[in-house]
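Thanks for coming, everyone. I'd like to walk you through one structure today. Please have a look at the screen.

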Amino acid sequence: MIARPRTRTLVKPQLRTLGKQTLIYGLGSVAVQAVGLLTLPVFARVFSQAEYGVLELATVTLAALAILADAGLASASQRSWFDYTEEQHFERRVVMSTAIIVSLAASGTICAALVLAREPVSEWLFAGQEYTTVVVLVAAALPLTILAQLLRELMRLRFRAWHYMTSASLGAALTGFLGVGAVLFLDAGLDGVLWGVVIGTGAAALYGLVVVRADLGASVSSGELRTMLAYGLPLVPAALALWALTFIDRLMLARLSDLAEVGEYAVANRVAMPLLFAVAAFATAFSPFILAAHSEDPEAEKELRARVLTYLTGGLVLMALTLGLFAREIVDIVAPAFDRAYRATGLVAAGLAAFGLSTVTMTGLSITRRTVHVAGAATLVAAVNIGLNFLLIPPWGMMGAAVATLIAYVLLAVLYHLQAQRVYRTQYDLRTILAVSAVGGALLPLGAVDLHPIGLALTLKAAALGVFVLALVRLGIVRGAELAEVARALRLRAGWL
């Protein structure tokens, strides 16, 4: 009873620290993901729906191959890093050099195999269409992607958030700038976009080598590798399952529908991408933050994590609702030729919100090193998702894919929660979390309704958003004093302007 008031006083500054780190990492994550959003108005006007579908399939294939080449070592190196103290600099260098060298060897092998098998891979991946150069460029980007990611992981472990943001922003800016320039001025088509990915990712990797060179070694420890693989390999099927949840619906749409449907669905995902920015930023900051908090005070960490989950729910559902409600207006501006994409945006955004919650509900499994449970839950959910895609895509197309993915993400968050509670119980405010989710879910379908005129549509959608904010206040997630503080800050900012 004596310790709890002290714990509560510590929670608020820790939440501010997490928020600050999330904001900085968020700028880096936004830079990486924003390429797809900022280039959308250009590519949506240059490429057909089918060509945009090919670009989407190339992107998701690169993500899947990166998971295989990583072999779970990015997450495992993070966990092993905290097995040593700040004074054990040599041991930490060995952990990271082992992870980087092994991952680069794996990615190089996959790269060579792809280049050799580029023709059959192209025919299988792109529904019989020949895009062999696209396959080769995806292969070339793979080792550079792995290196850039692992070097940013080291920046994150060193809490060098600004360097992380710079690395991510540099790669993203070059990727977008060169891709758009190649398409508009060199008429390079899809190949030009992927050349931008190769050069931008290479520049980010080079920057990372310069920044963290003092923390890098050239040795591989078999002991550290065994420890990391024991932790990380179970995460590979989990990561592939998560990739399947995120991306396999595009592949299945290409097979069960057509490339044009993939293009429409890709635009729906692009419109929902700001929510993915938020989830990626939070996940990037949250993992080392919460592991460090646990190493200092396990009981305080539990209370902190419970508060984080409640606030995170309110923030993610608010973002999903905003994107879902105004999806049609956004699509009309950035990709008017893709006139059906808005219908799936709300479902996609809701799924991403559920995925964001799973990054917290699984924490107990990470702390206790029960990664096999992570793999089991993710694999089960991926199988459910694939089954639902087979069932729902033929009659409903991209809407069926969106529904299948939403159900799967919700199931993933629930299973992670149940598994983690068995091994490391934490008291969450589930009543508030469910209430917030229910209110947001009830208002979300309004965004898929074809409302006219535009003034009426915007008024009704703004009113729905206002109802949700009032619900947040009513449920205690957002307090009146906090709203007043925000209002004062805005008035002060307006005075400066």
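Which helices do the buried residues of H4 pack against? They pack against helix H3 (49–70), helix H5 (89–116), helix H7 (132–157), H10, helix H13 (273–296) and helix H17 (363–367). Contact here means heavy atoms within 4.5 Å. Buried means under 20% relative accessible area, exposed means over 50%, and partly exposed is in between, with a 1.4 Å probe and protein chains only.

A word on the source. This is a predicted model, in which local features need pLDDT of at least 70 and side-chain atom pairs count only at pLDDT 80 or more, while totals for chains, interfaces and linings use all residues. Residues are numbered from 1 along each chain as its sequence is written, and side-chain values use heavy atoms, with hydrogens and water left out.

Now the overall picture. The protein chain has 22 helices and zero strands. Both are DSSP runs numbered from the N terminus: helices are H or I with at least four residues, strands are E with at least two. Of the 497 residues in the chain, 52% are buried. Take the contacts between residues at least 6 apart in sequence: 85% of them join residues at least 24 apart.

Back to H4, residues 73–81. Eight of its nine residues are buried, so H4 is largely enclosed by the rest of the structure. Those buried residues are Leu73, Ala74, Ala76, Ser77, Gln78, Arg79, Ser80 and Trp81.

Ser80 leads us to glutamate 224. This glutamate lies in helix H10, residues 222–232. Leaving out residues up to four places away in sequence, glutamate 224 touches Ser80, Tyr84, Val94 and Val95. Its relative accessibility is 12%, so glutamate 224 counts as buried.

Arginine 213 is exposed, with a relative accessible area of 58%.

Next, helix pairs. Two packed helices are described by the angle between their axes and the distance between the axes. The axes are lines fitted to C-alpha atoms, for helices over the stretch in contact, and angles run from 0 to 180 degrees between N-to-C directions.

Start with H18 (residues 371–396) and H19 (residues 398–423). Their axes come within 8 Å and cross at roughly 160°. That makes H18 roughly antiparallel to H19. The cut-offs: under 35 degrees is roughly parallel, over 145 roughly antiparallel, 65 to 115 roughly perpendicular, and the rest oblique. The contact of H18 with H19 has 21 nonpolar residues, six polar and no charged. Nonpolar covers Ala, Val, Leu, Ile, Met, Phe, Trp, Tyr, Cys and Pro; charged covers Asp, Glu, Lys and Arg; the others, Gly among them, are polar.

The second pair is H14 (residues 298–325) and H21. Their axes come within 10 Å and cross at roughly 170°. So H14 is roughly antiparallel to H21. In H14, Gly314, Val317, Leu318, Leu321, Thr322 and Leu325 meet Lys461, Ala464, Leu465, Phe468, Val469 and Leu472 in H21. By class, that contact has nine nonpolar, two polar and one charged residues.

How many salt bridges does the structure hold? Eight. A salt bridge is a side-chain nitrogen of Lys or Arg within 4 Å of a carboxyl oxygen of Asp or Glu.

Lysine 461 forms one of them, with glutamate 329, at 3.0 Å from N to O. Lysine 461 lies in H21 and glutamate 329 in H15, so the pair ties together parts 132 residues apart in sequence. Both residues are buried.

Aspartate 450 and arginine 328 meet in another, at 2.2 Å, N to O. Aspartate 450 sits in the loop between helix H20 (430–443) and helix H21 (454–474), arginine 328 in helix H15, 122 residues apart. At 45% relative accessibility, aspartate 450 counts as partly exposed.

Then there is glutamate 261 with arginine 340, at 2.9 Å, N to O. Glutamate 261 is in helix H12 (residues 259–271), and arginine 340 in the loop between helix H15 (327–334) and helix H16 (342–361), so this pair ties together parts 79 residues apart in sequence. Glutamate 261 counts as buried, at 10% relative accessibility. Arginine 340 counts as partly exposed, at 28%.

Last, a network of salt bridges links Glu56, Asp249, Arg250 and Arg270. That's my tour; thank you.
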